[in-house]
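Colleague: Could you walk me through how the labels in this one were assigned? I'd like the cut-offs too.

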Amino acid sequence: MNSTWDQITLSYFSAKTWLNASYVYRIVGLFSQWRQGSFLLQWGEALGALLLSIVFLFSPFVTTGLIGVWLVAITAYWGLLTLSDTEKPGLTPIHLLVFVYWGISAVAVAFSPVKAAAFAGFIKLTLYLIFFAFSARILRSPRLTNWLISVILGIGLLVSSYGVRQQIFGVEQLATWNDPTSEFANATRVYSYLENPNLLSSYILPAIAFSISAFFVWKGLFPKVLAATMVMVNIACLYFTGSRGGWIAIMALFFTFLLLLFVWFNNHLSPFWRKWLLPVVFGSLGGLLFVAIISVDPLRARVMSIFAGRQDSSNNFRMNVWMAVIEMIRDRPIIGIGPGNSAFNKIYPLYMSPKYSALSSYSVLLETAVETGLIGLSIFVWLIVVTVNQGVQQIQRLRDTNNLHGLWIIAAISAMAGLLAQGMFDTVWYRPQVNTLWWFLMALIASQYQPKSKDNVVDSVDETEVLTVNS
């Protein structure tokens with residue numbers, strides 16, 4: 001059974017033989033001698049971290065077009081670093097499946113009924129995937145990883161603080177985000193700088209996960225107080241968004257984080273607490289959640305609307321869109337219509353119910369199936385399974401060497417769980433503010449990859465590379 005699982009998750013994957021025989025791979029490091037004489041490229045990774053920082057710092061405040069320009073710049077710089085590499089980088093199972101998914105998307109473009117629109121979406125997808133590859137390269141450095149996570153936490157605190165301020169002082173509602181027939185039709189839903197409460201809730205999820213990990217990683221009283229403040233402000237802002245998908249997401253995030261934290265501290269627990277800690281913690285949290293739902297009227301109304309079926313206007317809208325999307329999948333089940341919202345917007349009107357126009361399928365899994373068919377959906381799910389499996393292996397390895405980088409991996413997997421949970425019912429995932437964070441989380445896990453040996457012995461790591469933040 002373990003052998004089968006290892007094969008499915010590519011635990012013993014090694015591309016050394018294939019890479020050595022690849023003509024394309026030979027261009028890596030083609031200009032390595034030139035790089036050795038370049039002053040700027042001696043700081044190549046640091047400059048790369050600066051480019052990533054710019055994306056994270058400004059993405060909540062600028063247009064998606066400007067974010068696209070930065071992604072093009074990152075793509076060009078990634079190409080420059082790749083051609084001038086002094087050491088040829090390896091290929092992880094995550095990189096392999098990302099490449100396979102990109103290949104399937106290319107095939108979907110070739111067979112798309114709207115090729116021009118699908119090609120535009122394919123270009124956007126390519127930029128995101130190169131962003132992943134570039135991030136995975138930069139995140140090999142513990143120091144740069146620390147810096148980039150700190151940037152995400154800092155800008156997340158600013159965005160969340162403004163959202164909390166909107167709740168306190170009130171803010172104009174830019175759209176009909178509440179069911180007009182609900183008793184809370186006029187309730188405030190904050191959106192901070194992102195102008196969409198559902199998008200804001202998704203954007204905050206990685207900051208919540210990283211701030212919880214920061215409380216354990218950061219040393220000193222002031223950094224821990226800062227981390228705790230970030231946790232509280234981020235969670236408060238997410239709650240004030242009123243996003244039901246966001247609330248489901250944070251439950252998935254907490255559940256995953258607690259499970260992985262149990263794995264991290266398992267060796268330090270007594271036999272009694274190894275058996276009873278999780279039931280006690282989950283039982284207590286479940287009880288607190290139940291009391292909150294029955295005690296807080298706005299929370300109870302929003303939670304109960306999840307189960308209202310078509311009686312809730314938002315539910316009814318999504319259900320009508322999903323029915324049309326399922327018909328789209330039935331007509332092109334193998335390879336889909338091609339990636340991107342432009343392709344979707346050209347095909348969806350042929351299937352939609354009257355008065356239910358939509359820019360996406362309101363479900364990441366359905367969107368993936370529409371764009372790349374069941375083949376693409378299978379590769380996408382396989383990619384997630386392999387990534388999570390690799391992440392758990394890394395957590396165990398880093399725990400055994402007392403390397404606190406494992407806590408960042410815990411945060412990455414937990415944030416991914418939250419984004420996937422919200423993505424079941426929404427597609428704000430595809431907005432660049434969120435999509436860049438998703439691929440950053442994937443890259444963080446991929447950057448720490450170390451293959452398992454055949455005798456199940458995991459390669460050792462340098463115990464001195466312990467990530468801490470100076471106070």
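Colleague: What makes F56 count as buried or exposed?

Modeller: The relative accessible area of F56 is 3%. Buried means under 20%, exposed over 50% and partly exposed in between, with a 1.4 Å probe and protein chains only, so F56 is buried. Before we go on, this is a predicted model: local features need pLDDT of at least 70, side-chain atom pairs count only at pLDDT 80 or more, and totals for chains, interfaces and linings use all residues. Residues are numbered from 1 along each chain as its sequence is written, and side-chain values use heavy atoms, with hydrogens and water left out.

Colleague: And how many aromatic pairs does a search of the whole structure find?

Modeller: It finds 23. Rings of Phe, Tyr and Trp (its six-membered ring) pair if their centres lie within 6.5 Å; planes under 30 degrees apart count as stacked, over 60 as edge-to-face and the rest as tilted. One of the pairs is F56 with F440, at 5.2 Å centre to centre and 85 degrees between the planes, which is edge-to-face.

Colleague: Which parts of the chain does that pair link?

Modeller: Distant ones: F56 sits in helix α4 (residues 44-58) and F440 in helix α18 (residues 432-446), 384 residues apart. Helices are DSSP runs of H or I, at least four residues, numbered from the N terminus.

Colleague: What makes the Y101 and F380 pair tilted?

Modeller: Their planes are 45 degrees apart, with 6.0 Å centre to centre, and that counts as tilted. This pair also links distant parts of the chain, with Y101 in helix α6 (residues 93-110) and F380 in helix α16 (residues 364-400), 279 residues apart. Both Y101 and F380 are buried.

Colleague: Which residues do ring pairs link into a cluster?

Modeller: F56, F131, F210, W408 and F440.

Colleague: Now helix α13: why do you say its buried residues line one face?

Modeller: The helix spans residues 297-306, and L299, R302, V303 and S305 are buried there. Seen down the axis of α13, they fall within an arc of 155 degrees (taken from the directions from the helix axis to the C-beta atoms), so they line one face. Among the elements covering them are α10 (221-240), α11 (244-265), α12 (271-295) and α14 (313-331).

Colleague: Last one: how do you know whether T145 is buried or exposed?

Modeller: T145, in helix α8 (residues 142-169), has a relative accessible area of 0%, so T145 is buried.

How values were computed: Helices (H or I, at least four residues) and strands (E, at least two) are DSSP runs, numbered from the N terminus. Contact means heavy atoms within 4.5 Å.
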